[in-house]
Amino acid sequence: MANPISHKENFLKGIIKENPVFVILLGLCPTLGVTSSAVNGLGMGVATAFVLVMSNLVISLVKNVIPDKVRIPSFIVIIAAFVTVVQLLMAAYTPALNEQLGLFIPLIVVNCIVLGRAEAFASRNTALSSIIDGLGMGVGFTFALTLLGAIRELLGSLSLFGYKFIDADGMLVFILAPGAFISLGFIIAIMNWMKNRKRSPH
Amino acid sequence: MATIKSSFLNLLVTLTVITLVAGLSLGYVFQWTKEPIAKAQMEKQLRAIEAVIQGYDNNPVTEKYKVATPDGQDSLEFFPAKANGEMIGIAVKTKSSKGYSGDIWLMVGFTMKGDIQQVVVIEHKETPGLGSKMSDLKFLNQFYGKNPGQMNMKVKKDGGEVDAITGATISSRAFSEAVQVAYETFQTVNHGQSN
């Protein structure tokens with residue numbers, strides 16, 4: 001299949017125009033669950049990005065030898081294998097972060113973005129553009145999670161990446177689950193407002 | 001998209017090959033990360049022991065042993081700390097299941113007299129910003145040098161002497177319980193031996 005868009009566009013689309021969290025609204029479970037601090041968001045983002053790139057690559061390479069009927073089970077096995085690799089590597093080399101993220105690492109398997117990109121992109125494109133797509137989506141996901149984590153950490157515990165500015169308690173609600181929904185809602189609202197302002201012919 | 005027909009044989013072969021390759025590569029990664037994971041866990045325990053007992057020169061993790069709790073329901077890990085072959089204290093890994101969510105694991109360092117040297121939280125799943133403050137020194141330092149035999153190890157709300165964390169009485173209660181269990185278990189061993 002011919003690729004109508006350039007590699008640069010392919011990469012950039014995942015970051016703003018088709019950002020998995022802010023625009024496509026996929027993978028919201030880890031997005032809301034782990035972003036109580038910027039470090040957690042960054043760690044989760046990087047782990048997911050790794051799985052995205054690797055599964056996109058492998059799936060684009062084997063797409064022609066997989067019969068249609070077992071397409072989804074095959075993709076899931078490939079994705080699950082990479083998630084387990086990430087989990088083992090994190091347990092070995094970043095044990096503290098692994099404990100913080102806990103159950104959310106194995107849950108990358110069922111993250112809609114990963115299977116979504118495998119099905120919508122990697123199964124119809126070349127290996128190179130699939131890697132670029134995975135990278136773009138991964139960076140976009142990481143950006144979204146880190147931004148959300150930073151906002152929640154800043155308001156909730158008055159610190160950023162674990163560095164405390166003021167020795168006082170923040171607004172606790174931003175660390176708890178409702179704060180995740182409120183922050184995400186405001187980010188999406190601001191992004192849509194900016195997009196609409198750009199489009200309107202003033 | 002797919003150029004291979006969905007015949008029964010093709011399905012069988014494809015899935016077999018994919019799961020086989022995935023399984024073999026996972027086995028390889030598992031072997032590769034086995035040692036670093038064991039090392040990370042050992043270091044984590046050593047860090048917790050270092051935080052609760054000072055001045056030992058042995059490796060308490062390799063000398064650990066298990067002791068049953070007085071009610072016989074569970075057993076706790078004891079990490080003996082020695083200097084020049086003399087016992088100077090014991091770090092007890094203890095837990096409570098009465099927290100707000102999940103188990104709370106603590107490491108409590110006792111001197112041979114049963115005084116608490118220090119307590120650290122190994123693992124918990126309490127609410128961030130509330131129960132999670134049990135890891136703060138502000139809360140932990142109130143146990144320093146106390147002997148649970150002489151101190152009422154209950155939160156003030158329950159008539160004890162422990163200053164609970166604001167808004168996290170359940171977590172504080174579970175924490176106190178875990179310390180108390182560690183002490184009682186420590187006492188059963190200490191009475192038997194004359195050190």
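User: What covers the buried residues of helix 1 of chain B?

Analyst: Some ground rules: this is a predicted model, where local features need pLDDT of at least 70, side-chain atom pairs count only at pLDDT 80 or more, and totals for chains, interfaces and linings use all residues. Residues are numbered from 1 along each chain as its sequence is written, while chains are lettered from A and ligands numbered from 1 in the order in which they are written. Buried means 20 or more other C-beta atoms within 10 Å of a residue's own, with C-beta atoms placed from the backbone. Here the cover includes helix 4 (71–93) of chain A, plus strand 2 (75–83), strand 3 (86–96), strand 4 (104–111) and strand 5 (116–123) of chain B. Helices (H or I, at least four residues) and strands (E, at least two) are DSSP runs, numbered from the N terminus.

User: Which residues of helix 1 of chain B are buried?

Analyst: They are B:T14, B:I18, B:A22, B:A48, B:I49 and B:V52.

User: Where is the kink in helix 1 of chain B?

Analyst: A bend is the angle between axes fitted to the seven residues ending at a position and the seven starting there. In this helix, a kink of about 40 degrees sits at B:T33, shortly before the proline B:P36.

User: How many residues of chain B are in contact with chain A?

Analyst: Contact means C-beta atoms, placed from the backbone, within 7 Å. By that test, 26 residues of chain B meet 31 residues of chain A. Helix 1 of chain B supplies the largest share of chain B's side, 16 residues.

User: Why does B:V181 count as buried?

Analyst: Because B:V181 has 24 C-beta neighbours inside 10 Å. It lies in helix 3 (residues 169–192) of chain B.

Conventions. Buried ≥ 20, exposed ≤ 12 C-beta atoms within 10 Å, placed from the backbone. Contact = placed C-beta atoms within 7 Å.
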